[in-house]
Amino acid sequence: MKKYTDTGKKDTRSGFGAGLLEAGKKYPGVVALTADLKGSLKMNDFAEAFPERFIQCGIAEANMIGVASGLAITGKIPFAGSFAEFVTGRVYDQIRQEVAYGKTNVKIASSHAGITLGEDGATHQTMEDIALMRALPGMTVINPCDYNQTKAATIAAAEYCGPVYLRFGRPSVPNFTPEDRIFEIGKAYIFNEGKDVTIFATGHMVWEALQAAEALEKNGINAEIIDIATIKPLDKDTVITSASKTRAVVIAEEHNMAGGLGELISGTLAGTVPVPVEFVNGEDRFGQTGTPAELMQAYGLDAAHIIKAAERVIKRK
Amino acid sequence: MTNIAELQRISSQVRRDIIRMVTGAQSGHPGGSLSSTDIMTALYFNVMKHDPEKWTRDGKGQDIFLLSAGHMTPVYYSILARAGYFPVSELATFRKFGSRLQGHPSIEKSLPGVVQASGSLGQGLSAAAGLALGKKLDKEDNSVYVLCGDGESEEGEIWEAGMFAAHHGLDNLIAMTDWNGQQIDGPVEKISGEGDLEAKWKAFGWNVIVADGHDFDSILKAFAKAKSDKGSGKPVMILFKTVMGKGVSFMAGTNKWHGKAPSQEQCEEAMTQLEETLGDY
């Protein structure tokens, strides 16, 4: 199989910070807003380079979304950032009314998504945000897998006209995608071609899927690995083509079952290529305190669980 | 700029439009529309720098108005039509299937004059602050106006926006409260004990003006003062004391007509109290 190398662990939120700075240099309309989480969102470099284009909103997320919508109407390209839970669940109605229904060019910068937020515990770990954002008509949902891809996706979000939900994480994770690859919104990336099973993964789970594929290969199982970096709009052609070929599917995400990638892809396949599917996700639970690695293992979100799911689904062919 | 006698003629026609639109749709919100009619008339026909012919959603080169209390669409649409944003005849489609005149303001069908969706209360002041900040970043001299309700001001986001606008020195933002003292379930004081709005907005760092929202002399003076405050580094809140249902005897001063449509007979009775000045649609 194709070899992927970790070029050094980096957090995806730093990829966002680097992408924001580059987008800021390229496009004078880019502005950044945060609700007292400038450092956590890695907006420091942008704020230093463009102090007048950095807008500190204080701990008032609802107002931040509204302000971002107003700025967007005047032609700015606002990135409004906070922890994933606080820029989705807390402000769902503001995003619905003023960003999605209001058709404003706002980019929701969602950091510390999923269970890998870690020690802060379940109050801060959202495993429901993709469901909320996917449900909004016209919302683009992007969940990149590493530093390089997050940086590229941030620049792509700035260049795209329309509401975007950009989801990334807190911990340092392997950085393995090409540094110079332009991110294409709406494209699923085939990281390894295989014939026995397709593993669709998003975000932090993509690296785990690649690790799983290497282990499966040693057992003679040839896995196709597809990175669903854009969850909405879904690259249906790539999903259907791959499932038609392998006839067995695993879907892995750092998110709960309800409204996540698993339901999205299996729903797509149900009407086109009804093949056996196994899920690797947070099921229907809240998280808890722990290190990211402890939590990923405890909630079944790692390569070991993907391997088991692949073996199960192949038996169901 | 329209003089007071002419403003009074316009507001009488707008009140007729409001009652006829809500009667025609058999739904909508006449109470707050009638209490804010005089404010809105003064704003669009005397105060704001705007040109319906050159209007674009981004509001470049113009003053911008945003309706935060989105349920007041009857007055908003009548004013926009009478000011020339779209044909007056279109008012007949209010709240009807397929109409650009949705129940609450929407940009979905590109109705000229509407800049943002609103109606989920408490959100418009934040968007207006964003518009005002955008104009400042672009070094544009125009102002942003936004109309809120006093009942709406029970929403926490109003006060988040209040803190934000003062902190960022948005002196190109002129907010208005239609202080009619009523909301759906009853008098505001009985529902929430909102208290002294004047003291509250002052404490939030705003320039506060209190005016009679049914006396054009008082309204125009309030706006003149608000405009002269530009450069003070503070946003302006004009608290307009008004009467819900103003202009129609059986609707005035009560919460009962917040969101209720009159019958055909009641509409006809209201018409006898409001002079047709510009021609009904």
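The C-alpha centres of domain 1 and domain 2 of chain A are 25 Å apart; these domain bounds come from an automatic or database domain assignment. The model is predicted: local features need pLDDT of at least 70, side-chain atom pairs count only at pLDDT 80 or more, and totals for chains, interfaces and linings use all residues. Residues are numbered from 1 along each chain as its sequence is written, while chains are lettered from A and ligands numbered from 1 in the order in which they are written.

**Confidence**
- Chain B has an average pLDDT (the predictor's confidence in each residue, from 0 to 100) of 97, and 100% of its residues score at least 70.
- For the complex, the predictor reports an ipTM of 0.97 and a pTM of 0.98.

**Domains of chain A**
- Domain 1 of chain A spans 10–174, and domain 2 of chain A spans 189–315.
- Their contact (C-beta atoms, placed from the backbone, within 7 Å) takes 28 residues from domain 1 of chain A and 30 residues from domain 2 of chain A.
- On the domain 1 side, helix 5 (129–134), strand 6 (140–142) and helix 6 (147–159) of chain A each supply at least two residues; helices (H or I, at least four residues) and strands (E, at least two) are DSSP runs, numbered from the N terminus.

**Contact between the chains**
- Chain A contributes 23 residues and chain B 25 residues to the contact.
- Helix 3 (61–73) and helix 4 (92–100) of chain A are the elements giving two or more residues to the chain A side, and helix 3 of chain A gives the most, with nine residues.

**A sheet in chain A**
- Five strands of chain A form an open sheet in the order 9-11-10-13-14, with mixed pairing; strands pair if DSSP finds at least two bridges between them.
- Strand 9 (189–192) and strand 14 (277–280) of chain A are at the edges with a single partner strand each, so one side of each has no neighbour in the sheet.
- Strand 10 (residues 197–201) and strand 11 (residues 223–227) of chain A run parallel and are joined by five bridges; Ala201(A) has Asp227(A) as its bridge partner in strand 11 of chain A.

**Tyr281(B)**
- Tyr281(B) is located in the segment after helix 10 (264–273) of chain B.
- Not counting residues up to four places away in sequence, Tyr281(B) touches Asp17(B), Val88(B), Ser89(B), Leu91(B) and Ala92(B).

Conventions: Two residues are in contact if their C-beta atoms, placed from the backbone, lie within 7 Å.
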